[in-house]
Amino acid sequence: MTAAHRNARHVEMVEYNMNEFYESFFIDDELLYDDILNTDPLFPETDSLSSWGSDEWDRSDDESGADSDVNSYYEDTPQSTSEEESPYIDVAICGNRHPPPELPPAPPGLGKEDIVRRHIVQCIIDSENSYVNTLTRLIQEYEKPLLESMILEREKVCAIFYQIRAIHQCHSIFQIALSARVKEWDTVQKLGDVFVASFSKSMVLAAYSAYVNNFNVAMDTVRKSCANKPAFDEFLKEQQSKNSDRMDLAGMMLKPIQRFPQFICLLQDLLQHTPAGHTDRMSLQLALTRLETLAGRLNERKRQTEQRHEVRHVLKNLNVKYSTKATTASTRCLIRQDDMLQK
């Protein structure tokens, strides 16, 4: 059984067509919530899903050769993997059955520490709702209209919004778990285990890693397309004018890059106001460790991808043929590059 099928084993299928742009499911939040919290939260010892920038770079080099035409700007655009290779399966969660998380009214007689913790939890809820709303807008107001129109080539649209849907799915599922927990916040003041279960999954690391590695490509695609396609530039300005916050596409695309540092700051605040012996303290400490580990892995993958870009750039400038079949990506890295002057 593939990871994709394991992640969707509690999904009740209402409408499913892999050839359509949208696949739709309704999710039983109680079953899914139990499944999330009962899943082994440990990170895998090895990353089963490498993001674009390792084997993909090697296959690209082997197939094209160093002296092939490298003028196409999109030769490094990430390619989607098959369902068997990825744990991601596109879902559309019904907003009526799964409303955004919301704290119930505060009961009377709360202590000062409980009031502070409640305020921090509300900040987490507001922050997550705003983030998911931004991801939804990127899909519904930008990616979908562009794919349905002839304003921009499909491959460029895919390069710009690469992995946005997978990230949206991760946080939509997290919202369901968060909503179920905060409904009973005043009787069960525990949140750390929800973070641990939701963000210890390999699909989260895979989606965010691929998005972060592709971010510069996406922004360069937007910039060049705005310069070369007046209709695309006009489309972005029109969509920005419709946004109540007047945020442009670049600002919205930056949100996933900022998400885990925001989570870490919020959980640090919550932990600071969680006394020793509290039922949530150990799970919050574990959640912080997991999020910091995840952020560290994303940074390391970004660094490795930039290294591979540098290696390819140097080798192309040398204008020599080379083969990656004899060596693995992990054995090649750029140590130093200098300009030499001959006396």
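His 171 sits in helix H6, which covers residues 164–182; helices here are DSSP runs of H or I with at least four residues, numbered from the N terminus. This is a predicted model, in which local features need pLDDT of at least 70 and side-chain atom pairs count only at pLDDT 80 or more, while totals for chains, interfaces and linings use all residues. Residues are numbered from 1 along each chain as its sequence is written, and side-chain values use heavy atoms, with hydrogens and water left out.

With a relative accessible area of 0%, His 171 is buried. Buried means under 20% relative accessible area, exposed means over 50%, and partly exposed is in between (1.4 Å probe, protein chains only). What does His 171 touch, once its neighbours within four places in sequence are left aside? Its contacts are Glu 128, Tyr 131, Val 132, Phe 199, Tyr 208, Arg 259 and Phe 263, where contact means heavy atoms within 4.5 Å.

One of those contacts, Phe 199, is among the buried residues of H7. Helix H7 (residues 192–199) has seven of its eight residues buried, so it is largely enclosed by the rest of the structure. The buried ones are Gly 192, Val 194, Phe 195, Val 196, Ala 197, Ser 198 and Phe 199.

Phe 195 turns up again in the largest nonpolar core, which has 60 residues. A core here is a set of buried Ala, Val, Leu, Ile, Met, Phe, Trp, Tyr and Cys residues joined through side-chain atoms within 4.5 Å. Touching the most other members are Leu 138, Phe 161, Phe 195, Met 253, Phe 260 and Leu 267. Helix H4 gives the most to this core, with 11 residues. As for Met 253, leaving aside its neighbours within four places in sequence, the contacts are Leu 138, Ile 160, Phe 161, Tyr 211, Phe 215, Ala 218 and Met 219.

H4 itself has 37 residues and reaches 53 Å from its first C-alpha to its last, close to the expected 54 Å at 1.5 Å a residue; that expected span is 1.5 Å times one less than the number of residues. There is a bend of about 25° at Ile 139, taken as the angle between axes fitted to the seven residues ending there and the seven starting there.

On to the charged pairs. The structure holds 11 salt bridges, each being a side-chain nitrogen of Lys or Arg within 4 Å of a carboxyl oxygen of Asp or Glu. Here are some of them:

| Pair | N to O distance |
|---|---|
| Arg 137 – Asp 245 | 3.3 Å |
| Lys 156 – Glu 153 | 3.7 Å |
| Asp 220 – Arg 223 | 3.6 Å |

The salt bridge between Arg 137 and Asp 245 links distant parts of the chain: Arg 137 is in helix H4 (residues 112–148), and Asp 245 is in the loop between helix H9 (230–242) and helix H10 (249–253), 108 residues apart. Arg 137 counts as buried at 12% relative accessibility, whereas Asp 245 is partly exposed at 40%.

Lys 156 is buried at 15%, and Glu 153 is partly exposed at 28%. Those two and Lys 229 are linked in a network of salt bridges.

Asp 220 and Arg 223 are three residues apart in helix H8 (residues 202–228), so about one helical turn separates them. An α-helix has 3.6 residues a turn, so residues three or four places apart point the same way. Asp 220 is partly exposed, at 28% relative accessible area.

Terms used. Helices (H or I, at least four residues) and strands (E, at least two) are DSSP runs, numbered from the N terminus.
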